[in-house]
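Here are my notes on this model, point by point. Please read them with the structure open.

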Amino acid sequence: MSGLPGARTCPGPGEASDLKSPLSAKFREPLTETRFQQLFGDAEQEPELLAEPRWSRLWRRRASACSGPGAWRLLLARLPPLRWLPHYRWRAWLLGDAVAGLTVGIVHVPQGMAFALLTSVPPVFGLYTSFFPVLIYTLLGTGRHLSTGTFAVLSLMTGSAVERLVPEPLSGNLSGIEKEQLDAQRLGMFALQLGVLATFLSEPVVKALTSGAALHVLVSQLPSLLGVPLPRQIGCFALFKTLAAVLTALPRSSPAELTISALSLALLVPVKELNVRFRDRLPTPIPGEIAMVLLASVLCFTSSLDTRYNVQIVGLLPGGFPQPLLPSLAELPRILADSLPMALVTFAVSASLASIYADKYSYTIDSNQELLAHGVSNLVSSLFSCFPNSATLATTSLLVDAGGNTQLAGLFSCMVVLSVLLWLGPLFYYLPKAVLACINISSMRQMFFQMRELPQLWRISRVDFAVWMVTWVAVVTLSVDLGLAVGVVFSMMTVVCRTQRVQCLALGLAEGTELYRPLRESHKLLQVPGLCILSYPAPLYFGTRGQFRRVLEWHLGLAEGRKEAPKTDGPPDAAAEPVRVVVLDCSGVTFADAAGAREVVQLASRCRDAGIHLLLAQCNASVLGTLTQAGLLDRVTPEQLFVSVQDAAAHALERLELNGPKTCTVWV
């Protein structure tokens, strides 16, 4: 303000304040919206450009994109390696990427086969999911430290849908061809993945979802740990049904598989803890999973556990790549309800991880390109018998700790999985499935420990704590899909409810300044009889229009039969004198719909009928456009729209023609 011609400056330390006689002081001319646009608005566009239809301008932009330079820019945007590979620091980064990629690839092999059990498909499909999506994201992704592949939560959600839509016969007697057709039908259902609505997943919803899903994973693996063949429970209360079935079948558990599970957990859990506690001291994390897989395979082979004690093993892993298979679009209506929550989880988890590490290492990611990368990754990989995948916190942390720097680490990870698919697959023939179940359980460590953040979340925000707890309880008691829906709906309801609870605060003009502060912060705040400045700090839409009407009716004395006043922080006699001028501060109104805009228009009509001069200040362009379309300018003139509360208050003081001391009350 002070830079404008005629602006008044605040008094110095040794000067007396001139606010005691405000009307004798020289103020600059109050700036209305119209005057501000004349002085500081954008230059007028060329008439011929304004007259050009919108579709014509869009066509010109598309045509320019089809030119040589435009096509190259599009290629650079859609293939990130063309941007970062020419600037790759081979001597500084190559060794770190190679070590990190090989380390993550070693983890992908047992983890991919383990998560395939959660998906109710053969273990080799987990290897496919650890290869094709990683390769595609390396070519299309913008997250330099992101590791994609199998994810326990997605595998669990996929497995529930698979068992519900394509249940396996209870007898289990299927020929080889029938088994291949069943597996192909199961995997072909998940070709379409949508991630557009992932922005509705708040951080408490995602953390509660993954923590609750970890408990589902733990319970679902109990039959494999105990060696008890039980049908998989799906739907609501599946966790409790599985627990009841396990307790009933506990006397029939296999001692051999129970021993294998106990020994595996005794090795995996301490190794996980050592990797976390000594992360900074270890050159690379200890590969506990692959060591356990090799030891268990050797033990099962030398002791013939599969034939002597009927221990369930992985069996033969088909070598090479699967034949591409187009999914049947006839199944699309049946899987949309299952695909939507999986797509939301995929993009929400991946985007949040990419943002965290991008901020940590000072680079930017392209959200639109990330959506494209994960969408194409799931779409293309589904043609090669891959189940839904995303970025995971465990492998991403492992990649960073091992020294990964760029997406090139994904290629080295793919080399490890490729070697297993082409040559090393027979080595895992005698791997007990109980070991894979133990790998699933041990990989849930970080998800379980998310509950330790609840005390801090309670101190920061009680609302977010409630969202976390409601989502977690819904996921555990109902199912992962329904729990996600409950969490999203409840989270959005809290946002709506908070817009309904707008607190009224009385503000006053701080002496010697043009700043409006809450009355409880200072006693040197001034008032103006007959002037009321109101600020409504919430969106103005159909859900808040009733509250907006009641609050303004009370402050302006327009309510009929008013019996009691709302609670405010202002003085009790602030509204003793009838209001003659009201300034409505719209800086807190982020948007307005048709119902809210009509409410403002009706307010303007009622103020005009009651002899109250209404001034609007600080309307953003969107809100002002909505109010204009609703007919506001039929009730008020452009001279009643101001760029700031200070300008509107100065105009109000001139209109009131006060001779006494300048005093202002600002109601918020």
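1. Leu-294 sits in helix H15, which spans residues 288–303. Helices here are DSSP runs of H or I with at least four residues, strands are runs of E with at least two, and both are numbered from the N terminus. Leu-294 is partly exposed, because its relative accessibility is 46% and that class lies between buried (under 20% relative accessible area) and exposed (over 50%), using a 1.4 Å probe and protein chains only.

2. A word on the basis. This is a predicted model, where local features need pLDDT of at least 70, side-chain atom pairs count only at pLDDT 80 or more, and totals for chains, interfaces and linings use all residues. Residues are numbered from 1 along each chain as its sequence is written, and side-chain values use heavy atoms, with hydrogens and water left out.

3. Which residues does UniProt mark as "transmembrane region"? The unreviewed entry gives 92–109, 115–140 and 465–493. Such annotations may be inferred rather than shown by experiment; feature names are shortened and positions follow the numbering used here. In the model, residues 92–109 are 100% helix and 0% strand, with end C-alpha atoms 28 Å apart. Residues 115–140 are 77% helix and 0% strand, and their end C-alpha atoms are 25 Å apart.

4. The second largest pocket has a volume of about 950 Å³. Of its 39 lining residues, Lys-207, Leu-353, Ile-356, Leu-393 and Gln-450 are the closest to its centre. A pocket is an open set of points on a 1 Å grid over the protein atoms alone, with protein on both sides within 12 Å along at least five of seven lines; lining residues have an atom within 4 Å of a point. Volume is the space filled by probe spheres set on the points, which are joined across faces, edges and corners. H17 gives the largest share of the lining, nine residues.

5. How many cavities of 30 Å³ or more are there? The count is four. A cavity is a set of grid points where a 1.4 Å probe fits but cannot get out.

6. The model has zero disulfides, that is, pairs of cysteine sulfur atoms within 2.5 Å. Cys-619 is in none; the nearest cysteine sulfur, that of Cys-586, is 3.4 Å away.
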